[in-house]
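Me: I'd like to learn how to read a few packing features off a model. Can we go through them one at a time?
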Amino acid sequence: MRDNLRMIFFVVILGMLLSAVIFAVNSLTAPRIAKNDESTMKRTILEAHAISYQEKDLETAFNQNIDVVKKGEKTYYVTKNKDIAFEFNGSGLWGPIRGVISLASDLLTIKKIMIIHQEETAGLGGRLAERKYLSGFENKKFMPTIEIVNRRRAEKDNEVDGITGATLTSKAFERLINAQVTSAVAAYRR
Amino acid sequence: MGFQLKKLAYTKSYRILRGNLWKDHPVSCGVLGMCLTLGVSNKVANAIAIGIGFTFVLVVTAATISAMRNLIPKRARVIIYMIVISSFVIIVDRFLKAFFPAVAEALGPYIGLIITSCILMGRLEEFSMKNNVYYSMLDAFSSGMAFAYTLLILSVIREFFGFGTILDVKVTPAWWTNWVVLGMAPGAFFVLSIYLWITRTLAKVDPQKLGHLHG
């Protein structure tokens, strides 16, 4: 009995001590982590709008070129000529996919898609995040939705080639991007 | 000189270093830590980051456990290893996220996987619980380094052939076709098994005598 009490006591005390250490480390690093995430977002937005900038002028470049517009819960990053960009997220085949899409001022034409985070199979679905693949989306239009096509070349304005060997990732991404853009654009128009 | 060298060969420190770095190598000989070895040996940058993070976690947990070894209730020791290991892994994770966000993003879930590595549990159970802080740290450091250099060798091979780069710098000629399979998990098995074959032969590991495996 005494032994059991001693054991529980030891584990609890040690757990509390280590929790205190983790708490201290977390409060020291949290502001920096939040700032890193914010900078990543700003970099991605600027790149999505194809605005060039110097790393040291990131803040100024962002503030000068981008208007941050909030509608409901969604944040939109609007340029001077009314092009918009916003964050999208949802599930891919294996894990969450998060990124930024920019649309021209007609709110139909894709300017650029950037992937910030994905967990698809490396070398197959993971190629989704490669510039070479994502550039296939540029200038395509949501009329009415984007379709990712397999087994033939994309021809129409709303068709994009799928990734060979990653049909399910392609399908998941098609579903995700259509749902997210449709609702975000509707909310923006309101 | 020869006399001194001979004497050196019998010190405990020398035996620890020689064992961990070559003769009883945790990966080559123990076949431990496979999850991380297969998972993060695809790029040199990942291998270096995990190698350093892993060694840090191993050294501090070994020192902590060794310092407390006479206080730790025997029946609760495994849970105590887990608490200590996971705390330090969280610290490494936060540190990387704060100061090296690009590395943290590339490593993704693998930092958390350090917690489950059997090299850690093995060294704590087999060595740190029985030896003083100095030897435990030496043991932990050499085991960590042994793991790190193995990761480095595997990742140089895999990144060169799989991606045509070293540390993300293009090193192969333009006509080079990447062996994509080496960048993916199945490729890790090929490279690792050839590596194990070579190192085990050179270190004269006798599979029949591996009964004493540490962990």
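This is a predicted model: local features need pLDDT of at least 70, side-chain atom pairs count only at pLDDT 80 or more; totals for chains, interfaces and linings use all residues.

Me: How does B:Val31 count, then?

Reply: B:Val31 counts as partly exposed because it has 16 C-beta neighbours inside 10 Å. You'll find B:Val31 in the loop between α2 (12–23) and α3 of chain B; helices here are DSSP runs (H or I, at least four residues), numbered from the N terminus. The C-alpha atoms of B:Val31 and B:Ile119 are 9.3 Å apart, although 88 residues separate the two along the chain.

Me: At what angle do the axes of α8(B) and α9(B) cross?

Reply: Axes are lines fitted to C-alpha atoms, for helices over the stretch in contact, and angles run from 0 to 180 degrees between N-to-C directions. Under 35 degrees is roughly parallel, over 145 roughly antiparallel, 65 to 115 roughly perpendicular, and the rest oblique. Helices α8 (residues 118–128) and α9 (residues 133–163) of chain B come within 11 Å and cross at roughly 155°, so α8(B) and α9(B) are roughly antiparallel.

Me: Which residues of α8(B) meet α9(B)?

Reply: Contact is C-beta atoms, placed from the backbone, within 7 Å. From α8(B), B:Ile119, B:Arg123, B:Phe127 and B:Ser128 meet a set in α9(B) that includes B:Asp139 and B:Phe147.

Me: What about cores: which residues touch the most other members of the largest one?

Reply: A nonpolar core is a set of buried Ala, Val, Leu, Ile, Met, Phe, Trp, Tyr and Cys residues joined through C-beta atoms within 7 Å. In the largest, with 39 residues, B:Ile50, B:Val57, B:Ile85, B:Phe88, B:Val89 and B:Val92 touch the most other members. Beyond its neighbours within four places in sequence, B:Phe88 is in contact with B:Val57, B:Val60 and B:Thr61. A second, separate core has 27 residues, including A:Tyr77 and A:Ile148.

Me: How many residues of chain A are in contact with chain B?

Reply: 18 residues of chain A are in contact with 19 of chain B.

Notes: Residues are numbered from 1 along each chain as its sequence is written. Chains are lettered from A and ligands numbered from 1 in the order in which they are written. Helices (H or I, at least four residues) and strands (E, at least two) are DSSP runs, numbered from the N terminus. Two residues are in contact if their C-beta atoms, placed from the backbone, lie within 7 Å. A residue is buried if 20 or more other C-beta atoms lie within 10 Å of its own, exposed if 12 or fewer, and partly exposed in between; C-beta atoms are placed from the backbone.
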